[in-house]
Amino acid sequence: MGKVYFVNGFLDAGKTSFIQDLFEESYFKIDGVTLLIVCEEGEVEYDDYLLEKMGVVVRYIEDEEDFTPEHIEELEKAVKPARVVVEFNGMWMRKDLSFPWYWNDIMEIAVINGKTFELYAANMKSLLSEQVRNAYMAVVNNCTGLEDKLSYFRRNLKAVNTGLNIVFKDDERDDIVIRFEDDLPYDLNADIVDVDNDSFSVFYLDSLDNLDRYVGKTIRFTAQVMKSRGKTRQSFLAGRYAMTCCEDDLSLFGIICDYDDLDSLENGSWVNVTGLVEKEYMDKYKVDFPVCKVSGLKAADKPEREVINVV
């Protein structure tokens, strides 16, 4: 079985247009049949001529309970596709899905309407979070006039999936090239970069994306001490929990802190940390990650909002 492209998003997101544009790209052409499974019909309809020309066979699944491995296998046996593209219904719960056992190469793509992002983030956190949690890429459409909000969109999406690749597009579906370096709630040029409680999630996410601009900077922030049971180095995790979906769905945002007097720290206590940011290579994940070399540490009060509400 070839690659499976799983495209998720709400009704007005632009999934159909995205998929149709994808079929027209030269790099997306293959020998063999493509099975397109459509789980909802929006305002935009597929071009029948284009689909026939590209060797695309469309099948519909109208009810959530019919999206099962058994039913999908029946469709595949009848069509014998070289690959599958799914236009999923964004109102169905992604986390409840089961796929055919041989779907071992799935690329998930979330398509989002920038004009309604804040509405869905406020009222449908769970569904929106599930659309991006396992996605490789998010395409945010209709961003003309929203340039000042894109960094906010980006932080909220990255909070759910730190490895997410995000593409912003204008109302004509052209890419928007934007720099995010200057949109930070603290001064990176200060002698000591003060990260307040409301900015910790920004610092954490941005340090993963743009680590080099933090290396050599002295950072000060407040976080909770989280000691590792299997102590392999004199370090602790300075962490905050973030609510990315609901109260039952918390993600841990944490910075590794090297500290010589580790035994003096009580696990779970709150501390104010000052330290120099360096980077180390994590062989297990094949990535560089930030490490704070602690130069100053003192007890701190628990923040008024202990859990960060990101999305």
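Which residues of α6 are buried? Select helix α6, residues 150–160, and display its side chains. The buried residues are L150, S151, F153, R154, N156, L157, K158, A159 and V160. Helices (H or I, at least four residues) and strands (E, at least two) are DSSP runs, numbered from the N terminus.

Some conventions apply throughout the tour. The model is predicted, so local features need pLDDT of at least 70 and side-chain atom pairs count only at pLDDT 80 or more, whereas totals for chains, interfaces and linings use all residues. Residues are numbered from 1 along each chain as its sequence is written, and side-chain values use heavy atoms, with hydrogens and water left out.

Select K80, in the loop between α3 (69–79) and β4 (83–87). The phi of K80 is near 55°, a positive value in a residue other than glycine. K80 has 64% relative accessibility and therefore counts as exposed.

Next, move to R173, in the loop between β7 (165–168) and β8 (193–194). R173 is not a glycine either, yet its phi is positive, at about 70°. With 39% relative accessibility, R173 counts as partly exposed.

**Cysteines**

Select the cysteine sulfur atoms. How many disulfides are there, taking a disulfide as a pair of cysteine sulfur atoms within 2.5 Å? The count is zero. C292 is in no disulfide, and the nearest cysteine sulfur, that of C257, is 4.4 Å away. C292 counts as buried at 1% relative accessibility. C143 is also buried, with a relative accessible area of 0%.

**Salt bridges**

Side chains of opposite charge can pair when their charged atoms come close. A salt bridge is taken here as a side-chain nitrogen of Lys or Arg within 4 Å of a carboxyl oxygen of Asp or Glu. By this criterion the structure holds 19 salt bridges.

Begin with D175 and K169, whose side chains meet in a salt bridge at 2.5 Å, N to O. K169 counts as buried, at 17% relative accessibility.

Then select D212 and K279, which form a salt bridge with their closest N and O atoms 2.8 Å apart. This pair links distant parts of the chain, 67 residues apart: D212 is in the loop between α7 (200–209) and β9 (218–226), and K279 is in strand β12 (residues 270–282). D212 is exposed, with a relative accessible area of 56%, while K279 is partly exposed at 39%.

Where in the chain are R233 and D258? R233 is in the loop between β9 and β10 (235–243), and D258 is in strand β11 (residues 250–258), so that the pair links distant parts of the chain, 25 residues apart. R233 counts as partly exposed at 28% relative accessibility, whereas D258 counts as buried at 15%.

Notes: Buried < 20%, exposed > 50% of the residue type's maximum accessible area, 1.4 Å probe, protein only. Disulfide = S-S within 2.5 Å.
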